[in-house]
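Thanks for making the time this morning.

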Amino acid sequence: MSLQEQWVAFLTILTKEIRRFLRIWPQTLLPPAITMALYFVIFGNLIGSRVGEVGGFDYMQYIVPGLIMMSVIQNSYGNVVSSFFGTKFQHSIEEMLVSPMSSLVILSGFVAGGVARGLAVGAIVTCLALFFTDLRPEHLWLTLLVVLLTSVLFSLAGFINAIFANSFDDISIIPTFVLTPLTYLGGVFYSLDQLSEFWRGVSLLNPVVYMVNTFRYGILGVSDVNVWISLGAIITITAGMFCFCLWLLQRGVGIRH
Amino acid sequence: MTALSIRHLSKTYASGVQALRDISLDVEKGEFFALLGPNGAGKSTTIGIVSSLVNATQGEVTVFGHSLERERGLAKKLIGVVPQEFNFNQFEKVGDIVVTQAGFYGIPRARALQQAEKYLRKLGLWEKRNSQARQLSGGMKRRLMIARALVHEPELLILDEPTAGVDIELRRSMWDFLTELNGQGKTIILTTHYLEEAESLCRRIAIIDHGTIVENTDMKSLLEKLQVETFILDLAQPVSAAPVLNGFEVRLRDARTLEVAVPKTEALNSVFQQLAAHDISVMSMRNKANRLEELFLRLVERNLPGEASA
């Protein structure tokens, strides 16, 4: 396929993915908006007013970056895992496998779809947050870069989950038992400085901590970890996962006999 | 030119089942080719490998001279596949399914829309373009898969049991459509359970059983291998028992119908002479369907070693 044909094929998958999550917006865009609005009201307003300042910011301001990142993570992952597993389940993956599209185009298309939903939900949550607090990014480009990279990383994670999944149970186990604990314990609601030495050490093993804190640094200018090391780690892990996904697709793991 | 060349193709599944055992096959450009075999013979595995849905254990496939291994993109562009099972998103609209498939082949949207309209109209689905695929009847879904397979104008069309579960009228119209496509120069390979279908449409035929090709020849030569042809005779008056005819095997199907097996070496005149001697008049006569079926069963029975198949 020529470069132009590959571009058309990539746009076809991306458009298909965007159309899919827009068509089922009550399942994809509305729930995170409602959940995050509740977080803002309950944790930010009602409880937050009694917590006081964290890291020099009022509690609402402190948790908003983490909550935006949480919604981006969950939706990027959720979009790819459900969409790719759905194509496997209905065998419509065969439409792509018989075509001359390369594995790179297929993977990029699904990841771009996950990023599109992650960023769309992130934008909705950001707009909602503006009703509760003032948001003026300290480092705009870093904020955009880290949210994009995180979205790509979790889209890839969702892709790996879908490749190995054999049932609908398999695509809900990881989000429920791995992703949710990692995000809730990823420094969204608290600063690592508030933890004991032991739990701080344990928290530093959680990759979500680095993403949330780098994003928070981009918006508020404060972080519990070194943002440049975090950024390097995110880029390295994303690149590694991308190569792994490409290898899985080329070998046909989970999709070809 | 050879449209499809298969060389020493083998497939052993992870379960250990050996589905294909060193098969080789050539299909020439413009041919209408049938691949026949009983369930689990290896037909779908062969098609799966050619359409890149199954990884071969060994062997090589080339499509119009392009290796499926080394020039995958070029080879795949030339193939259109209509699978046995429905494999589209049931919740998508009919038009979107076909246009999206064109996009997967790198066809820009404006041209994809034209191509989709052309084939949806040809297959009588244009009025359903805005319906969800799940709302279509079984026959319409099968036609949708044909439209989808043709949208990028492939040179080689592969159909895996395209008329399974389709009513007779629709089956006939699909035969006409496929014959028209073949007439336009497209090479067509089909697998089918309906041997009548293969006999009516295909000029060449391969029979696969237990993962090996047991016959690969043109239809005429294959049918010539039949040493006996069976005829059905409708009688003017009922008879109580099958008459004994010298040199022919006769069976009474019902009081007014006889089934007579005629060896290729004997003339039909002899049958009528002997029936006249028994005072039996024949009102009409027809060939028993299906000649190919008889041969197929003989070839497959000959190859029944009791081995595992996929």
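How many residues of chain B are in contact with chain A? Before I answer, please keep in mind that this is a predicted model, in which local features need pLDDT of at least 70, side-chain atom pairs count only at pLDDT 80 or more, and totals for chains, interfaces and linings use all residues. Residues are numbered from 1 along each chain as its sequence is written, while chains are lettered from A and ligands numbered from 1 in the order in which they are written.

The answer is that 25 residues of chain B are in contact with 21 residues of chain A, contact meaning that the C-beta atoms, placed from the backbone, lie within 7 Å. On the chain B side, the elements that give two or more residues are α2 (72-77) and α3 (94-104) of chain B, and α3(B) gives the most, with four residues. Helices here are DSSP runs of H or I with at least four residues, and strands are runs of E with at least two, numbered from the N terminus.

Turning to the sheet, six strands of chain B form an open, mixed arrangement in the order β6-β7-β8-β3-β9-β10, where two strands pair if DSSP finds at least two bridges between them. The edge strands are β6 (79-82) and β10 (212-218) of chain B, each pairing on one side only. Four bridges join β6(B) to β7 (residues 156-160) of chain B, and these two run parallel, with G80(B) standing opposite L157(B) in β7(B).

Notes. Contact = placed C-beta atoms within 7 Å.
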